[in-house]
Amino acid sequence: MNKQYYICVWGHCDSGTKTLFSFLSLKMSSACIRRTLVAVSQSFIPSSCNFLAFGLHFSPSPAARDRQTAYTNNRRFSSFTRILRSENKVTVNFINRDGQKITVKAAPGDSLLDVVIEQNLDIDGFGACEGTLACSTCHLIFEEDVYNKLGPITDEEMDMLDLAYGLTDTSRLGCQICLTKSLEGITVRVPDSAVDIRQPTDAGTSSSA
Amino acid sequence: PNKSAKSPPRYCGGPPSNRKSQLGLALFLNLLSRSFGNSVHRSWRLSDYCSTEVGASHTGRSHCQSRLDIQVDLFERLPVPFGLVRFGVAPDHPEVKNVINTFTQTALHERCNFFGNVGVGKDVSVAELRQAYHAVVLSYGAEGNRRLGIPGEDLRGVYSAKDFVGWYNGLPGNKELRPDLSSETAVVLGQGNVALDVARILLSPLDILKKTDITQPSLEALAESQVQRVLIVGRRGPLQVACTIKELREMVNLPGTMPDMVTTDFEGVASVLKDLSRPRKRLTELLLKAAQGAASRQAGASRQWGFHFLRSPLEILPADDLTSTAGIRLAVNVLEGSHEGARAVPTGEVEELKCGMVISSIGYRSLCIDPAVPFDHHKAIIPNTVGRVQTGAGLYCSGWVKRGPTGVIATTMNDSFDTARSLLQDIEAGVIDVYSVKPGSRAVLSSLDSRGVKWVSFSDWEKIDKEEVRRGQRVGRPREKILDVAEMLRVAHS
């Protein structure tokens with residue numbers, strides 16, 4: 001659903017001038033906000049400038065807000081900051097299920113799910129619950145040294161990861177991993193999702209999820 | 001018609017236009033069919049113009065030389081789509097329903113059509129569909145439930161979880177269930193996620209439920225509910241529970257409730273923890289913690305829930321009036337073997353529990369909707385090989401009717417991808433003759449019209465959707481579901 005976002009874009013050029021570029025109130029989905037800000041940054045802001053965009057979200061109605069914060073362990077961030085300087089991109093490599101390597105550049109702060117969605121990567125069935133820790137379809141496998149550098153894993157993420165097909169010791173959910181400069185150049189593998197009829201199915205899970 | 005894509009798909013691989021995406025399209029369309037007792041059939045009609053390439057990103061490295069614009073038509077028994085995502089997922093799990101956005105994007109694709117209110121096997125036969133389309137995929141899920149097969153099963157106060165869940169989720173056939181919530185203790189038979197959903201809905205504070213899309217009549221009934229204690233009974237032990245940790249954690253954290261379990265049921269469990277796989281280990285640790293009372297007990301917790309292990313139902317006991325439920329007689333079991341393969345063996349001892357409601361959550365069951373389709377009545381699935389039904393080319397199945405009624409959305413989704421792969425392989429191999437001309441929906445719809453069947457398009461569903469959301473907003477809820485097919489049709493065709 002579309003939320004009301006209040007966007008403040010503040011920046012300064014290397015020459016030292018501080019300028020408030022704009023204060024916008026936009027109603028759109030959070031993915032659109034990110035896309036809009038990325039597009040704006042790429043079109044209008046010269047690369048010699050740094051700037052920061054703040055997006056704050058206010059729920060438009062009690063019903064929507066309550067649903068968002070309803071009794072669930074899956075709270076979503078409702079604000080984000082984004083460093084949009086075009087040189088501040090992080091390169092990420094995805095090894096798809098067919099072995100094909102996809103290399104993209106993405107902004108620090110984006111989750112790996114965001115990257116897959118925004119860049120429309122051809123990975124089937126990725127991100128069904130849209131990043132709310134209610135599925136395991138954004139399951140990714142990391143290299144061990146990278147895995148050890150990642151942020152802490154919550155019980156909620158582990159609960160969903162436990163259901164993932166092909167779980168490994170270096171598996172995480174892509175929606176919970178946000179890019180930072182220290183993750184520059186990492187390679188993540190998209191695990192197989194096929195349910196082979198010769199293999200036993202995952203331990204007796206039934207329908208509620 | 002109204003096929004404009006509203007916003008870019010939130011879900012990777014939604015309706016794009018390149019070669020790989022045609023496969024993607026076919027694969028994703030399977031998602032729409034995860035259904036709860038609804039006849040959803042997907043049929044492909046291949047366009048008359050075939051040329052150039054079909055990509056094969058998922059069916060191995062093979063390439064063939066014809067590009068196909070695959071047209072997919074979905075037939076659904078109810079006027080509304082989405083099946084279990086709408087009628088099975090609990091009202092307090094709204095984030096699980098986010099996948100509806102993905103399904104919607106797929107349904108809005110220009111080569112996809114939705115036809116609701118069409119009962120396959122009733123309004124149109126599978127044979128007619130096979131004549132009209134190059135391929136037919138049956139993915140109508142599991143509309144029935146496994147019976148207990150014990151005396152007292154038909155007493156008032158005994159319900160299948162399928163019906164109880166259908167009741168609080170607004171499935172039209174369960175509108176008149178009127179479950180008896182007047183007794184203090186309810187027994188749920190089965191220890192899977194559906195059993196936990198039922199327990200949680202029975203014990204959730206009303207403050208939580210009234211912000212969800214649970215139906216208004218259910219909310220009112222639950223507001224009057226006298227149920228204070230729910231026992232979740234299973235044949236085997238703690239190491240064999242079929243539920244998953246997220247649902248168990250929700251029970252442990254449920255406000256106003258506390259766990260009430262017998263710690264002797266857990267003897268020997270702690271010592272095998274280290275040998276378990278991580279998912280089973282974490283689940284068992286949480287269960288152990290809850291049983292030992294180390295889990296948080298909220299102040300003022302007046303409602304209780306607990307797992308009751310090693311018990312099989314023998315008989316449901318009537319009250320003095322001989323029509324309502326007063327209790328349940330259970331056989332006491334021991335386990336032979338260990339872990340997933342352990343078997344419950346009766347000891348000869350019995351136990352009786354007092355209760356006024358029994359909800360049987362021992363599994364859904366697919367039905368045979370058309371005698372022309374082979375059906376294994378023992379396993380209650382359509383016999384198949386990787387989704388191919390062996391009655392000549394062009395008939396497939398996917399989802400619960402193919403593999404049996406277990407699995408979360410991701411499991412069923414991946415299974416659908418498998419069936420789609422089989423179908424696409426058959427196209428490539430020429431098993432499906434894409435060069436024969438098939439009439440597609442034209443033929444089916446004209447038959448339906450002549451039979452007076454008022455089918456519902458996707459944009460008609462969108463009218464129903466808007467109306468439900470509008471009614472919900474009036475009472476501060478995400479939606480107020482329409483509970484009645486006639487009213488759905490009235491709104492759809494208004």
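Which residue follows helix 11 of chain B with a positive phi? B:Gly293 does, and its phi is near 75°. The legends below take up this helix and other parts of the predicted model.

**Conventions.** Residues are numbered from 1 along each chain as its sequence is written, while chains are lettered from A and ligands numbered from 1 in the order in which they are written. In this predicted model, local features need pLDDT of at least 70, side-chain atom pairs count only at pLDDT 80 or more, and totals for chains, interfaces and linings use all residues; side-chain values use heavy atoms, without hydrogens and water.

**View 1. Helix 11 of chain B, residues 278-291.** Helices (H or I, at least four residues) and strands (E, at least two) are DSSP runs, numbered from the N terminus. The expected span of a helix is 1.5 Å times one less than its number of residues. For the 14 residues of helix 11 that gives 20 Å, and the end C-alpha atoms are 20 Å apart, which agrees. Its buried residues (under 20% relative accessible area, 1.4 Å probe, protein chains only) include B:Arg280, B:Arg282, B:Leu286 and B:Ala291. Their cover includes helix 5 (155-161) of chain A. From chain B, helix 9 (245-252), strand 9 (257-259), helix 10 (269-272) and strand 10 (303-308) are also part of this cover.

View 2. B:Asn193 sits in helix 6 (residues 193-203). B:Asn193 counts as buried because its relative accessibility is 0%. B:Arg235 lies in the loop between strand 8 (229-233) and helix 9. Residues up to four places away in sequence aside, B:Arg235 touches B:Leu310, B:Arg311, B:Ser312, B:Asn333 and B:Ala344. Contact means heavy atoms within 4.5 Å.

**View 3. Confidence in chain B.** pLDDT is the predictor's confidence in each residue, from 0 to 100. Chain B averages 85, and 85% of the residues score at least 70. Over residues 1-66 the pLDDT is below 50, yet this stretch has 229 contacts in the model beyond near neighbours in sequence. Where pLDDT is low, the predicted coordinates should not be read in detail. For the complex, the predictor gives an ipTM of 0.81 and a pTM of 0.79.

**View 4. The fold of chain A.** Chain A has five helices and nine strands. From the N terminus on, they run β-β-α-β-α-β-β-β-α-β-α-α-β-β. Of its 209 residues, 46% count as buried.

Notes. Buried means under 20% relative accessible area, exposed over 50%, partly exposed in between (1.4 Å probe, protein chains only).
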